[in-house]
Amino acid sequence: MHSMKSAFTLVLCVASCGAAAQTVAQMTVTRPASASASIAAVRPQAPMTPQETQAATDMRLESVGMGDLLRVTVFRNPELSTEARVSERGTILFPMIGEVPVAGLTPYQVGTRISDKLKEGKFVVNPEVTVSLAQINSRQVSVLGSVVKPGRYPLDSTNVRLSDFLAVAGGIAPGGSEEVTILTNRSGKQEKIEVDLGAMMRNGDLSRNVQLEPGDTIFVQKAPLVYIYGEVQRAGAYPLAQNMTVMQALALGGGVTVRGTERGIQISRRTGNGGTNRIDARLTDRVQPDDVIHVKESLF
């Protein structure tokens, strides 16, 4: 009997132990798979090297071209840090390794090439080289005409479209037109693009916000004028707005004097053959560029 009880106890122990093991196994199997991923996600990652940092931020930047000024920094070797301008041969001169071809490469790729040459020549052990564009001369757009600051501006990751370059040029100057001309030369084909900035902004048509390329020229024309004289408060030349009427033009000149009459308004308008037509005008008539409005004196 004692042996039977022992055997029965052993069977119960094995059964209970087996059930416990099965429970543990089930707990192990049903554990969420994302738990390990969550643990891995909170583990601190190793800091990026200078090359990796530059690669992450610089991979989409423009390539280096002739005339560009490069700033080269060698980590832990300040005596090798230098600034070098890209020659007409598309190369720079770097201490100890001499002439390095760089034209057409991104700054990150230039840094990698210099690093490889320093390592091959056994000048620096595990060199860490970073390169930045200190001055961009190979990729520029000219902004001319009636802008606040005409000049040549670099084409980079922030200045790409027409509105970007007009902004860096200080915007359209007083007396400038909303009509902008863009001169391009793509693959040897010259093209002239006319953009109405006012219409683009009013309609929200950003398709006219042209993306520019190196060598393009933006020209902002002077605004067309309308001339007013005779019995007006302030005779003179005034910028012509789109769809301007005779009444609006007279308002720019302070309106008609007490001696003038709105029934005696004439417009002198140029013809296509260089002549001039004199037109009896009404206040609601539209004004055209270079129109000369004359307000006559009242007879009564």
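Me: Which residues of α4 are buried?
Reply: Pro107, Val110, Gly111, Ile114, Ser115 and Leu118 are buried in α4. The classes are buried (under 20% relative accessible area), exposed (over 50%) and partly exposed (in between), with a 1.4 Å probe and protein chains only.

Me: What puts them on the same side of α4?
Reply: The arc is the answer. They cover only 135° around the axis, so they share one side of α4. That arc is taken from the directions from the helix axis to the C-beta atoms. An α-helix has 3.6 residues a turn, so residues three or four places apart point the same way.

Me: What kind of model is this?
Reply: This is a predicted model, where local features need pLDDT of at least 70, side-chain atom pairs count only at pLDDT 80 or more, and totals for chains, interfaces and linings use all residues. Residues are numbered from 1 along each chain as its sequence is written, and side-chain values use heavy atoms, with hydrogens and water left out.

Me: How do you know that α4 reaches close to what is expected?
Reply: The expected span is 1.5 Å times one less than the number of residues. α4 has 14 residues, and 20 Å is expected. From first C-alpha to last, α4 reaches 20 Å. Just after α4, Lys122 takes a positive phi of about 55°.

Me: Why are β2 and β5 called edge strands?
Reply: The sheet is open, with 3 strands in the order β2-β1-β5 and antiparallel pairing. β2 (82-85) and β5 (129-135) each pair on one side only. The twist averages 25° from one strand to the next. α4 packs on this sheet, touching β1 and β5, and its direction makes about 135° with that of β5. Contact means heavy atoms within 4.5 Å. Axes are lines fitted to C-alpha atoms, for helices over the stretch in contact, and angles run from 0 to 180 degrees between N-to-C directions.

Me: Why is the meeting of Glu128 and Arg76 called a salt bridge?
Reply: The rule asks for a side-chain nitrogen of Lys or Arg within 4 Å of a carboxyl oxygen of Asp or Glu. Here N to O is 3.9 Å, and the pair counts. It links distant parts of the chain: Glu128 sits in the loop between α4 and β5, Arg76 in the loop between β1 and β2, 52 residues apart. Glu128 has 16% relative accessibility and therefore counts as buried. Arg76, at 58%, is exposed. The whole structure has 10 salt bridges.

Me: How do you know that Asp216 forms a salt bridge with Arg186?
Reply: Their closest N and O atoms are 2.4 Å apart. Asp216 lies in the loop between α6 (197-203) and β10 (217-222), and Arg186 in β8 (176-186), 30 residues apart. Asp216 has 1% relative accessibility, so it counts as buried. Arg186, at 26%, counts as partly exposed.

Me: What makes Arg270 and Asp290 a tie between parts of the chain?
Reply: Their side chains meet in a salt bridge, at 3.9 Å from N to O. Arg270 is in β13 (260-270) and Asp290 in the loop between β14 (276-280) and β15 (292-297), so the pair ties together parts 20 residues apart in sequence. Arg270 is exposed at 64%. Asp290 is partly exposed at 31%.

Me: What makes β8 and β9 a hairpin?
Reply: They pair in the antiparallel sense over 8 bridges, with 2 residues between them. In that turn, Ser187 has a positive phi of about 55°.

Me: Why are β12 and β14 called edge strands?
Reply: Their sheet is open and mixed, with 5 strands in the order β12-β11-β15-β13-β14. β12 (236-239) and β14 each pair on one side only. Inside this order, β13 and β15 pair in the antiparallel sense over 5 bridges. Ile267 stands opposite Ile293 in β15.

Notes:
Pairing = 2+ DSSP bridges. Helix = DSSP H or I, 4+ residues; strand = E, 2+ residues; numbered from the N terminus.
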